Amino acid sequence: MKKEVLKELTAKPGKEHHVSDFNPSFTADMSKQDAKEQLAQNIEKLSELQSMLYAQDRYSVLVIFQAMDAAGKDGTIKHVMSGINPQGCQVYSFKQPSAEELDHDYLWRINRSLPERGRIGIFNRSQYEDVLIAKVHPEILLSNKLPGILKAKDIDNEFWKRRYRQINDFERYLTENGTVIIKFFLNVSKAEQKKRFMERLNDESKNWKFSSADVKERQYWDDYMKAYSDVLTETSTEIAPWYVIPADNKWFMRYAVGQIICERMEKLDLHYPQLSKEALERLEECKKNVSDINF
């Protein structure tokens, strides 16, 4: 992917953004075949980068996926990460908070699931649920038992500004301590989402994916687009920018995600640990001792 194309997919920090400004069908004039070939190359490259990340044990990588239902989060994770050693990768899907999680602050369960050094962590949904679905349905915040929040009307614009600031501060803290944060919003159009819902209804092999709750949420589409626009505006930062990935064509979406992850990891100057002079001498001695053994 050319750098100027990559810039088109980035929600520039400090700018006001609207989801409607990003084309969900954008393909950068690539063919489906070219995208698949590039993805295959990136999968191999990502495998090598992960191996060095694990061996170097200095950084961790956190990949965040947010999207409307049926945008393709699961499929993208499956295809892009197919070449990664499972020992160096962990995937978490954040659903409705449990009673235990509701007894803590909203970032508590995120903290518990962060990748350790040397590993890639993948969040299928994330802390951003608390400024997306919670913004569309603010009444769910009443179960958080927050001080001063007794009814939905208590949740004002200042509340949301504090949340955006808290998330930005949290991500700055993680970045300064060695976690690389890569955030993807998979941008699917309303028409394409409907098409995929119909496929789930009509294809027996996909029936299990269908949820009536997803259809119910579809009626809040405009509210969600506003919430996503606010997230892009308020939380796309220099250290953790949002990438708005066109999701109407799955083949381009998967290619773009893989390309961006590789490019971000390549900037880390990853390498295998170098042994000291003394360690190298011991290694040579071991080689000599092993070569003298008759198997």
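This note walks through a predicted model of one protein chain, point by point.

1. **How to read the model.** Residues are numbered from 1 along each chain as its sequence is written, and because the model is predicted, local features need pLDDT of at least 70, while side-chain atom pairs count only at pLDDT 80 or more. Totals for chains, interfaces and linings use all residues, and side-chain values use heavy atoms, with hydrogens and water left out.

2. **The overall picture.** The protein chain has 12 helices and 6 strands. Both kinds of element are DSSP runs numbered from the N terminus: helices are H or I with at least four residues, and strands are E with at least two. Taken along the principal axes, the C-alpha atoms fill a box of roughly 80 × 50 × 40 Å. Of the 295 residues, 49% count as buried. Here buried means under 20% relative accessible area, exposed means over 50%, and partly exposed is in between, with a 1.4 Å probe and protein chains only.

3. **Surface and contacts.** The protein chain exposes about 16300 Å², and carbon and sulfur atoms supply 49% of that area. Accessible areas come from the Shrake-Rupley method with a 1.4 Å probe, and for residues only the protein chains shown count as cover. Among contacts (heavy atoms within 4.5 Å) with a separation of 6 or more, 80% join residues 24 or more positions apart.

4. Helix 7 covers residues 157–176, 20 residues in total, and reaches 29 Å from its first C-alpha to its last. That is close to the 28 Å expected at 1.5 Å a residue, where the expected span is 1.5 Å times one less than the number of residues. Its buried residues are Phe159, Trp160, Arg163, Tyr164, Ile167, Asn168, Phe170, Glu171 and Leu174. They pack against helix 5 (108–112), helix 6 (133–136), strand 5 (179–187) and helix 10 (221–235). After the helix comes Gly178, whose phi is positive, near 100°.

5. Side chains of opposite charge can pair when their charged atoms come close. A salt bridge here is a side-chain nitrogen of Lys or Arg within 4 Å of a carboxyl oxygen of Asp or Glu. Arg165 forms one with Asp169, the closest N and O atoms being 3.6 Å apart. These two residues both lie in helix 7, 4 residues apart, about one turn of the helix. Asp169 also meets Arg172 in a salt bridge, at 2.9 Å from N to O, and this pair is 3 residues apart in the helix. An α-helix has 3.6 residues a turn, so residues three or four places apart point the same way. Arg165 is partly exposed at 43% relative accessibility, as are Asp169 at 33% and Arg172 at 37%.

6. **Salt bridges elsewhere.** How many salt bridges does the count come to? The total is 16. One of them joins Lys45 and Glu266, whose closest N and O atoms are 3.5 Å apart. Lys45 lies in helix 2 (residues 32–56) and Glu266 in helix 11, so the pair ties together parts that are 221 residues apart in sequence. Lys45 is partly exposed, with a relative accessible area of 33%, and Glu266 is partly exposed too, at 41%. Asp69, Arg125 and Glu129 are linked in a network of salt bridges.

7. **Ile77, a buried side.** Ile77 lies in helix 3 (residues 73–80) and counts as buried at 11% relative accessibility. Leaving aside neighbours within four places in sequence, Ile77 is in contact with Phe65, Val91, Ile122 and Asn124. The C-alpha atoms of Ile77 and Phe65 are separated by 8.9 Å, with the two residues 12 apart along the chain.

8. **Cysteines.** The count comes to 0 disulfides, a disulfide being a pair of cysteine sulfur atoms within 2.5 Å. Cys89 is buried at 18% relative accessibility, whereas Cys286 is partly exposed at 46%.
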